[in-house]
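Here are my notes for you to read with the model open beside them. Take the points in order and look up each residue as it comes.

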Amino acid sequence: MAAEGQKTEGRPRALFPRWIGQTGITLGSIAFTMLGLLFVTFIIGRVMPIDPVLAIVGERASNEVYQQVYQDLGLDKPLLVQFGYYLWDVMHGDFGMSLLNARPVSEDIARVFPATLELATLGTLIGVFLGVPLGVLAAVKRGSWIDQIARVVALVGYSMPIFWLGLMGLLVFYGILGWVGGPGRVGIFYVDVVPSVTGMILIDSMLDGNWTVFRDALSHIVLPASLLGYYSLAYISRMTRSFMLEQLSAEYITTARVKGMSERAVIWRHAFRNIRVQLITVIALSYAGLLEGSVLTEIIFAWPGIGSYITTALLSADMNAVLGGTVVVGLVFVLLNVFSDLLYKFFDPRAQ
Amino acid sequence: MSETQTGWRDWLLTDTPQSRNQARLAALFQGWLSFRSNPMAMFGLGILILLLLMAAFAPLLAPHDPFTQDLANRLKPLGTPDHPLGTDSLGRDILSRLIYGSRITLYIVTLVALIAPVAGLMVGTIAGYTGGWIDLGLMRITDIFLAFPRLVLALAFVAALGAGIENAVLAISLTAWPPYARIARAETLTIRNSDYISAVRLQGAGPIRIITKHIWPLCISSLIVRVTLDMAGIILAAAGLGFLGLGAQPPSPEWGAMISEGRRFILDHWWVATMPGLAIFTVSLAFNLLGDGLRDVLDPKDEK
């Protein structure tokens, strides 16, 4: 941080610091992307072969009632005006009512989202703590057996259907070995035992001091989180390896070695330090990927997260819920992308 | 025999090709030679050729009809006489269903691999060649689609269009084209200002002719590499949609849908879901290996 401060002192003073202009551009592009995202979901909602009026009033409603609701929903207005209404609602956190349980979609999403977040976060942690060392080792010992193993691990990760691997995991570790808890977040006896504070059951049970529930929840989450972690590991280790190879072939590394620096210091203090920024970007992207990858995983493990929510809504033609879920996942995805972009710009002086 | 063979080799490897066709063939042959030296890529190619043959000769290879139910013989384990991979919950032969399912997989992959890169190529080259507002607009649209999580967008599209193979293909294509547009645009930007394009323009060629005849051919090789590497992802996405019940509909022997059927019996009759998963894994692994090999041949600057 101190170094950052010194650097700006040396520059000639402009009317605005440069970052204000850059932040303005970034914010503008985020706003535009989100607008586009909402427009796409809006169009999807309009193309859907489901009559939103019929879904509310039911099939036996009279023509007058039908017309009334039709006008209330603003469906008689031009498409752009309708989009304006939609935008207004979404900005106020209103995704409409779920047709399944007649509750606001936003409440449902707020309830299920922490479960996905918990799963994806744990998966990313596993991916980072195993994938980064594996990638560094594979780059340092290029061509050795560990490099080959890293290659196979990544290749298998890119080629295996995640839902199938999840099923196989359930079969082996739950069905045959009985090492882990089965589908769901906790065993049936522990449902709703601890009060929901954050919505993440591991943290909630810890806050409550209820270690029995914590252990049970851990035994349930370990398999799906490892599964997601494996996919994250495949990606992160591959990227780490190629970043490290790039650094290790640079001249300053040779210089450091010639100086007589220990190999460990060369790798960790020189090469690794220079790939940290790129790594953070990759980790943010992989985190975003896991939020999405959790859709299929959640189905397999009956995990009550946003993926299960969207799919259930989809199969029961609950349009508002599908679109609301899509928008939320999309927004988080965009934000994570932007966040990784900003980090990159902030930490890497060359990108400024 | 050996004499004619060396004759062919010399003709193909000559430094002074006599015609344009000879030069093209020579370039292809050189690529093939370097591709052939990569055993993993050849392994992938072998699997895919087998898959193609399997799909083409499915009626001859399959021991049973993939749709015929035989409730007396349901859920037979592996190695049952007459049913080497067992039977599913309706007594259908799993091996035969896998063999017929390869047709569906190839069908989906081929369609997506035709639609998405072509769409991306058009958007990317038009944006890159015209520049200005058109470029800005097209690239912003591309960014919006890139910003979407792909599977969730595909889910929403299928919800709007209705379940089925064709709609799954459309949904996957709609989510798959933006990276191709990016690549094609980047290539176009480097080509656009080169001297030979100026020469062609001075000869009176219009923008459409320049894009289709002079820019597209140069974008193809990087697109092919990208498509091959994406194939595995396309297969996995299609299988995922099938698994969710949004792609191929029963009784279709689509591999993802077969896993979804077998899921209910996973703890007692594991092979019903396991076998189609192995098939998906093998094919997407083959595409990944092939893509890696092709990248080394066609795009040597891109390091592994």
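1. Let's start with a term: buried area is the accessible area (1.4 Å probe) that two parts lose on being put together, summed over both. Chain A and chain B bury about 3800 Å² between them, and 79% of that is on carbon and sulfur atoms. On the chain A side, S159(A), F163(A) and W164(A) lose the most area to chain B, together 15% of what that side buries.

2. Before going on, some housekeeping. This is a predicted model, where local features need pLDDT of at least 70 and side-chain atom pairs count only at pLDDT 80 or more, while totals for chains, interfaces and linings use all residues. Residues are numbered from 1 along each chain as its sequence is written, chains are lettered from A and ligands numbered from 1 in the order in which they are written, and side-chain values use heavy atoms, with hydrogens and water left out.

3. How many residues does the contact take from each chain? Counting contact as heavy atoms within 4.5 Å, you get 42 residues from chain A and 43 residues from chain B.

4. Now the polar side of that interface. There are zero salt bridges between chain A and chain B, a salt bridge being a side-chain nitrogen of Lys or Arg within 4 Å of a carboxyl oxygen of Asp or Glu. What the rule does find across the interface is five residue pairs in polar contact, both residues at pLDDT 80 or more. (A polar contact is a pair of N or O atoms within 3.5 Å; within protein, one must be able to donate a hydrogen and the other to accept it, and residues adjacent in sequence count only if both atoms are side-chain atoms.)

5. Which helix gives the most to the side of chain A that touches chain B? It's α2(A), with nine residues. The residues on that side divide into 29 nonpolar, nine polar and four charged. Here Ala, Val, Leu, Ile, Met, Phe, Trp, Tyr, Cys and Pro count as nonpolar, Asp, Glu, Lys and Arg as charged, and the others, Gly among them, as polar.

6. Stepping back to the chains: chain A has 14 helices and zero strands, and chain B comes to 12 helices and zero strands. Helices (H or I, at least four residues) and strands (E, at least two) are DSSP runs, numbered from the N terminus. Along the principal axes, the C-alpha atoms of chain A fill a box of roughly 90 × 65 × 40 Å, and the C-alpha trace of chain B spans about 75 × 60 × 30 Å.

7. On a 1 Å grid over the protein atoms alone, a cavity is a set of points where a 1.4 Å probe fits but cannot get out, and lining residues have an atom within 4 Å of a point. The count comes to three cavities of 30 Å³ or more. The largest has a volume of about 60 Å³, and its lining includes T105(B), W255(B) and I280(B). That lining divides into seven nonpolar, one polar and one charged.

8. The second largest cavity has a volume of about 40 Å³. Among its lining residues are I165(B), G247(B) and A248(B). α10(B) gives the most to this lining, with three residues.

Note on methods:
On a 1 Å grid over the protein atoms alone, a cavity is a set of points where a 1.4 Å probe fits but cannot get out, and a pocket is an open set with protein on both sides within 12 Å along at least five of seven lines; lining residues have an atom within 4 Å of a point. Grid points are joined across faces, edges and corners, and a volume is the space filled by probe spheres set on the points.
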